Protein chains: 2
Amino acid sequence: MGAVIVRAPVAADRAALLEALERCGAFSALEVEIAIGMIDEALAGDYSVVGVEVDGVLRGYTLLGRATLTERSWYLYWICVHPAYERRGLAQALQRAADDLVQAAGGDKIVLETSGRSGYARSRAFYERAGFAETGRIRDFYAAGDDCIIYCKTLPT
Amino acid sequence: MGAVIVRAPVAADRAALLEALERCGAFSALEVEIAIGMIDEALAGDYSVVGVEVDGVLRGYTLLGRATLTERSWYLYWICVHPAYERRGLAQALQRAADDLVQAAGGDKIVLETSGRSGYARSRAFYERAGFAETGRIRDFYAAGDDCIIYCKTLPT
């Protein structure tokens, strides 16, 4: 594997990011549609996005936004790595880049929501290793038997 | 006090709703700006909104929206009653109208976020009387010492 580079995506990266989302397997067709819509909004400046490039192609990204009406809190909306490029530290690189981005913008807290379903156990373990802790749970939020778990991470200031 | 009517707001009600928001006292200038922007989006069909009218003028409203990617969950974003019309059951009427609206749309869960500050104790007591229970808390979310409390209410199906 060649050099791993963390950088801001540009419009030319859209197709590679869409491929990562579609191949990822964690997202439904509707979720992919919403995710790519938010990438387009991020490219227009409405969200913050960071990508991770391997051999010249973006293979993952994370998308964040300031939490309205808060002083220093941000939401982490998506994090996705192409499955052919898993287990090489790309998600960790994205998570560190997210922390840096939030801190550089004066933020000190990252909140994210994820599913409590068993299929998301690996994602939850990743967030916990990255320093997130569960701070709330909405029972049956997504569907019956599919809770929303709210995670939060406080960054050093 | 004349007849209390629960009805959908129209564009001509915008000024009365803005007055209720500004006079309410619970909202900062930025919050009022966001709230009126969401009313404009609701009038355009992007959110659901219900108003409560006294003597021909809307004196309060509540604004809700489907929670994306959920089967039956809704967010309650705002509920506001003009302070000169408090303690007459308008907020309760709006809360019941919100429940009805969500149920009529096939929903069975309403989630809202509010501040843990002491100034919001009356709001929290109102939500708890209306059947909401705390399901999460993000410490220092809005600012240092200002937690976000997540409330949820499950409607009978």
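Predicted model: local features only at pLDDT ≥ 70, side-chain atom pairs only at ≥ 80, totals over all residues.
1. Symmetry. Chain A superposes on chain B by a rotation of 180 degrees. The shift along the axis is 0.0 Å, and the RMSD is 0.0 Å. The two copies are therefore related as by a two-fold rotation axis. Which residue of chain A comes closest to that axis? A:Gly136 does, with its C-alpha at 1.8 Å.

2. Shared surface. Both copies use the same surface. Of the contact residues of chain A, 100% recur in chain B. In number, 20 residues of chain A are in contact with 20 residues of chain B.

3. Elements at the contact. On the side of chain A that touches chain B, four elements of chain A give two or more residues: α2 (29–43), β5 (109–115), β6 (133–143) and β7 (146–154). The most comes from β6(A), with eight residues.

4. Make-up of that side. The residues of chain A that touch chain B comprise ten nonpolar, five polar and five charged.

5. Strand β3(A). This strand spans residues 57–66 of chain A. Is β3(A) mostly covered or mostly uncovered? Mostly covered: seven of its ten residues are buried, a label that takes 20 or more other C-beta atoms within 10 Å.

6. Pairing with β2(A). Strand β2 (residues 48–54) of chain A runs antiparallel to β3(A), and seven bridges join them. A:Glu53 stands opposite A:Leu58 of β3(A). The hairpin of β2(A) and β3(A) has two residues between the strands. There, A:Asp55 takes a positive phi near 50 degrees. Please look at that residue in the model.

7. Pairing with β4(A). Seven bridges also join β3(A) to strand β4 (residues 73–81) of chain A, again antiparallel. A:Thr62 faces A:Ile79 of β4(A) across the pair. The hairpin of β3(A) and β4(A) has six residues between the strands. In its turn, A:Leu69 has a positive phi of about 70 degrees.

8. Core. The largest nonpolar core has 76 residues. Which residues have the most contacts inside it? They are A:Tyr61, A:Leu94 and A:Ile150, together with B:Tyr61, B:Leu94 and B:Ile150. In soluble globular proteins, nonpolar side chains tend to be buried together.

9. A:Tyr61 up close. Leaving out residues up to four places away in sequence, A:Tyr61 touches A:Pro9, A:Leu17, A:Val49, A:Val50, A:Gly51, A:Cys80 and A:Leu94. A:Leu94 is also listed among the residues with the most contacts inside the core.

Terms used
Residues numbered from 1 in each chain as written. Chains lettered and ligands numbered in written order. Least-squares fit on C-alpha atoms with pLDDT ≥ 70 in both. Contact = placed C-beta atoms within 7 Å. Nonpolar A, V, L, I, M, F, W, Y, C, P; charged D, E, K, R; others polar. Buried ≥ 20, exposed ≤ 12 C-beta atoms within 10 Å, placed from the backbone. Pairing = 2+ DSSP bridges. Core = buried A, V, L, I, M, F, W, Y, C linked by C-beta atoms within 7 Å.
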